[in-house]
Amino acid sequence: MATFTERMAPVLAFWLVLCLSGTWAVDRGNFKTCDQSAFCKRQRALKPGESPYRALLETMELTNTRLTLQLINDNNKVRLLLELYRLQGNITRVKINELKPLKPRYEVPDVLIREPPTEPLSLLSQDDNGVVLSLGAESQRVIVSARPFRLDIMEGRDVLMSLNSRGLLAFEHLRMRKDTFSYKVTSTVASVWDNIKRVFSSQADPEAEKKEEGDPENQAETGKEEEEKVEDGMWEETFKSHSDSKPHGPSAISLDFSLPGVEHVYGIPEHADTLRLKTTDNGDPYRLYNLDVFQYELYNPMALYGAVPVMLAHNAKRTTGIFWLNAAETWVDISSNTAGKTVFGKMLDYVQGSSETPQTDVRWISESGIIDVFIMLGPTPKDVFSQYASLTGTQAFPPLAALAYHQCRWNYNDQEDVQSVDAGFDEHDIPYDFIWLDIEHTDGKRYFTWDPHKFATPKEMLQGIMDKKRKMVAIVDPHIKVDSNYKIHNEIRSRGFYIKNKDGGDYEGWCWPGSAGYPDFTRPDMRAWWASMFAYDQYEGSMENLYTWNDMNEPSVFNGPEVTMHKDATHGAWEHRDVHNLYGLYVQMATADGQIQRSGGVERPFVLTRAFFAGSQRYGAVWTGDNAAEWDHLKISIPMCLSLGLVGISFCGADVGGFFKSPSTELLVRWYQTGAYQPFFRAHAHLDTPRREPWLFGPENTALIRDAVRQRYTLLPYWYQQFYLAYHTGQPVMRPLWVEYPQDPATFALDDEFLIGRDLLVHPVTEEGARGVTAYLPGKDEVWFDVNTFQKHNGAQNLYIPVTMSSIPVFQRGGSIIPRKLRVRRSSSCMEHDPYTLYVALNPQRTAEGEIYIDDGHTFNYEKQEFIHRRLMFANNVLSSVNLNPEARFTTRSWIERVVILGASKPSKVTLKTADGQESTVDFDFDASMSVLTLRKPGMNAGEDWTVKLQ
Amino acid sequence: MYCPYLLLLLSLGVSAVEVQRPRGVPLSKRQFYEEGKPFTCLDGSRTIPFDRVNDDYCDCQDGSDEPGTAACPNGSFHCTNAGFRPAFIPSSRINDGICDCCDTTDEYNSGAACQNTCRELGRKERESLQKMAEIAKEGFMLKQQLIQEAKRGLEEKKGKLAEVQTSKKDLEDKVEALRSVKEAAEQPEKEAKERHLKAWEAVIRKEKDMAKMAAVFLELDADADGSVSVAELLLHSELDQDSDGTFTETEAQGLLGGVDKVDTVAFEAVWSNIKDKYISEETRESVSDTDSEQYPEDDIPEDEEEEDEDDEDEDPDDGEYKVTSLSFSIRLVLDGPGSPPTTRTQEKKDDEDEGTMPPYDQETQNLIDRMTTFFCFLFVHRNIEKEISFDFGPSAEFGYLYNQCYELTTSEYIYRLCPFSRVSQKPKYGGSETSLGTWGKWAGPDDNVYSVMKYEHGTGCWQGPNRSTTVKLTCGKETVVTSTSEPSRCEYLMEFTTPAVCQEPPSLDSMHPDHEEL
């Protein structure tokens, strides 16, 4: 789907700029730099080492669940309240808010899956300078230093992380505006009121009162200083022609984190950048502000469609994470004391035993809300994943079909077009599961409707697709056409569900339908109503095989500042400023709920979203937005999805082929080959590009694409199992190598290859005209098997692999067992009962291990233990299947048709023993040149106990 | 096409259908699957015991051991489909729960409730084949007529051409003679003669301008409805008034004097506004007439350009240019009633009424009339030339489409196909017309090049390509546009039936053996 595209452009004021520039790059001028964002500029101007904050240790209160402590800003005497929690699973939560804010500050709701359970903190020591608290067993402590305030988290003698160590904590307290009449009146009244209050005041905080009273000079000074400090952009800000009225004045917050011993940090998507985050000293910070960026540029820190304020820090000893729970516009600065050093310099340090430990410093700046940060202490990558999952939940377990191939285009023109594309796949024997309809399927961009001419009988069309056991996705965007003849609009308006502008009227902006309103998805009642619109009797023409795609949910507002909503629009008591990055999450949440409800809670939903936030993993899939048909965009799809996976969002993909522009045939084929090994596998194309269904590029390329798609289908059992695992544990499905090889520095910056689960390593070809690729195979004592040739390679080496157009370099880890279904049919549902082939790749110890997971593929019945989950093990020449969950009950018709053992030696005899005690001999083939043993048709049921013995 | 198969079947007798063979094996390959004997994969790669045929495990690389199961990724399954056509389907479609073979044999173990639809399909197919055959038959007959007509037409045109050439020569002589006579006769009245000559020159110049105007009108009036519309004018971006690179509707409308379209009379006023900038489509497209050498006076593309520049210095007697000029009158001659009503004479009269034109004597008038006739002939000549230059098919069977237009109205648009000229689209409820391409070439596959027409260089898309249209021709009794679509943005597809592509149908008898006994 397009963003701010040509078709809309002519009606917009700045279309000419686009026209004239004529390039295929983002128009950077449409988006703010830190300097153009007043709070970022203010905060970034602060110098380190001058923290005005002091901890008032005498205010400390320690209960069973938390420690509270007041902080004071010595410059203006404004007090903050620090809350410190120790959470279950080795997480420390630090919350800082104003002690007495003028009005409440926004605290992000609905992202944490529950109030995180706490564990007791205990006081180890205390003196005038600070407090030492124990974080539980592993000699972990928090040291609270008083002057200036700082927190250090220690393990033994090592500092794991320090907060405010550079003194960049900043908290712009809410204040009355001074240059207005109302302020003057209020302040006069206030001082009178203060006096009255003082007389009657309770003794709630005698200490504080005394201090303030006892320091009149300071108070006077404060007033003066504040007046001096009124800067541009505090009470009003203008960007291009848009002005932000900022009725509540400055409210930014900021905090710095130091990570000693860390040279690699990751995460904070979404950015079109490398996996390993770069330092930002010489440019803008990474920006987190959900934006509809037209033709985004690569390798820079500009904001994109989604934001997950989670950063991972890693070194060979430990992985930690920082989760900055704030939904306002956020900027993240990264600096490092080793970043500037050359390899030689580092070596010199090493040789000379250099004084300086490497360190990465990070600083978060947000426009409003409070500081609420979760410090995930690992120590392993997997620990960090489960720690984060314990806070925000895990990846939604998708219906199996959603992991198959998706065919999309803006737009399939009409029912006939849909039918002929569907037939084209059959004619060319290429499987697919979902066909997608973009905005043109609607009646004038009124979502939940169908174009009366082009899609006159949607149910007929859906039935036709269902007859092939396939499914459809239709787009439903959150902007609602302002049209009194449109039911959805009328209902939202009459219920008062629209977001309001600063003057209290319904906010209106331009989007696809022209003038549009934006429902306030932050309201639970609005979301419930929205969900009810997906009921079969509400969404006319919908059927159970129709799923949903939420686009433009940043939200995109063509004529708004930075193509999004005005920050002074209001969501009840809150400003859009406070909730912006959450909007997209809520849209997907409500849509997914609607899909669950329409089936009475039986069927799993499938919803794709473009905008997202921390927690979005619970609601479906995410794609990387409007990319382009360029080789660099193919390459960047890897780090972009890896970064998302690290912060919980596993179901990620990029538009195969590239959205804008038209790919060369070679690029298209390579993109299919790459996409086939990424979690969300969907081809998509812009309205103005020539058609590119897989069979339009000659029989040779059709065959290459067919082969790539078929590889995906054979591996669906493995993908499904990985998603089940992600749903259970929060581990990413598509992983950077360092996650599995955390002690191997050679893996730390790799982002041209990746792992699926831990057993498949993929190094797709992403270079034009490539004759070969060099893949790093990790693991000093490991071996890897080429999945096509079965050739064995040693780990811990850079392996050069010659490639042709048909090559997709994929390796299976020695020591793993991967189930596949080799009978590829026209859709995944058609393969439900098909038999499995097990690929057993032996490690040098001649053992292997894997799993097999089976359920009905589309309902929530797996929550009721209706599944098969078994461990497959090979050791001592015996391959066996054991039940991992004895309570689970599910039966399958699928059986094991073949076992391929890689790295085997030739047995004299193979016997199978099944659950009923029957023993039989199994035929086999042995390929001595590749050491591959193939067991022919052992035939046991995939859900039962069995053992196969090689003799 | 399944005649041999049928014969085979018949020769084997009725019992043939009962011959045992493994599931999914066509009768033609039956001999390779001999019960109880080892089976050799059809690619010869290995031999396996017969009990491994159709045992739901793939042993042969070519999939030939599993013709009746889904075990091999590259296998195929044969459905007999008695009553209809036999077919092969990929073996991945066996027992996938979807009915593929009309005889239901592909779903023997999936629980799918398939109905045997072969007889019904067979009946329908026969009906439709019969219908198609009838259409083809009638279409083919019509095609023969078209070919005959085309032949006649061509001869006629060639005749006309010859005639024009003779007449031209004749007229040239006469004009020359007349002029001499006139000059001699008018010698004494030199002053008067000069006045008249001047007048005559002015008339000629005016005439020429009018004629060019007429030609331009015809060219602009792409849909040949007798008026020039805003949309038609918009196709000539060179007319952009403020030269800002975009020729807007408003600008075009301004040129037309504020109205949406003008007829020939009103066009006169428009002409004065655009003549300096107008570039002929022919010049623009650099279409060179293949016959220009033979008829140098018709070498319009170059000359016309020169003409634009050297208009004033032109020798009035120079016949070359006017060839294209007098299209109005020519058109009257060629098209007869129904064409735009305005005639050149009428226009001239108007001019005279306004008193701008000096009167001239009878001889000059005669001369002018003769010249007019002369130009008329030349124009006919030129038009014929152009027409003859098109590739109207091996027997000129597509010639009848020339100068015709066919419309199809959809829910939103009216599509218009003018074969060998252009394709356009116009919103049904008002709005300007968009060119979807002008005649490009025949673009069918090598063995059937006349099955597809390509129209190119239509109105450009914003940030996209120029619009183009592919027209697929199928056999039909009637000449009609049956459907349009836009599979890719700005790439249109049109389906068009015409008898001109009908092939001689094979005789019905040979196509329809008696199926009833199956």
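Which side chains meet in a salt bridge at 2.8 Å, N to O? In this predicted model, the partners are Asp56(B) and Arg823(A), whose side chains form a salt bridge with an N to O distance of 2.8 Å. The count of salt bridges between chain B and chain A is eight. Polar contacts across the interface of chain B and chain A link 17 residue pairs, both members of each pair having pLDDT 80 or more. On the side of chain B that touches chain A, strand β13 (residues 480-488) gives the most, contributing three residues. The composition of this side of chain B by class is ten nonpolar, eight polar and twelve charged residues.

In terms of extent, the interface brings 30 residues of chain B into contact with 37 residues of chain A. The two chains bury about 2,700 Å² between them, and carbon and sulfur atoms account for 40% of this area. Of the area that chain B buries against chain A, 28% is supplied by Tyr57(B), Trp462(B) and Arg489(B), a share greater than that of any other three residues.

Within chain A, residues 396-721 carry the UniProt annotation "domain: Glycoside hydrolase family 31 TIM barrel", taken from an unreviewed entry. Over this annotated range, residues 396-721 of chain A, the chain is 34% helix and 13% strand.

Key. Residues numbered from 1 in each chain as written. Chains lettered and ligands numbered in written order. Predicted model: local features only at pLDDT ≥ 70, side-chain atom pairs only at ≥ 80, totals over all residues. Heavy atoms only, no water. Contact = heavy atoms within 4.5 Å. Buried area = accessible area lost by both parts, 1.4 Å probe. Salt bridge = Lys/Arg side-chain N within 4 Å of Asp/Glu carboxyl O. Polar contact = N/O pair within 3.5 Å; in protein donor to acceptor, adjacent residues only side chain to side chain. Helix = DSSP H or I, 4+ residues; strand = E, 2+ residues; numbered from the N terminus. Nonpolar A, V, L, I, M, F, W, Y, C, P; charged D, E, K, R; others polar. UniProt positions renumbered as here; feature names shortened; annotations may be inferred.
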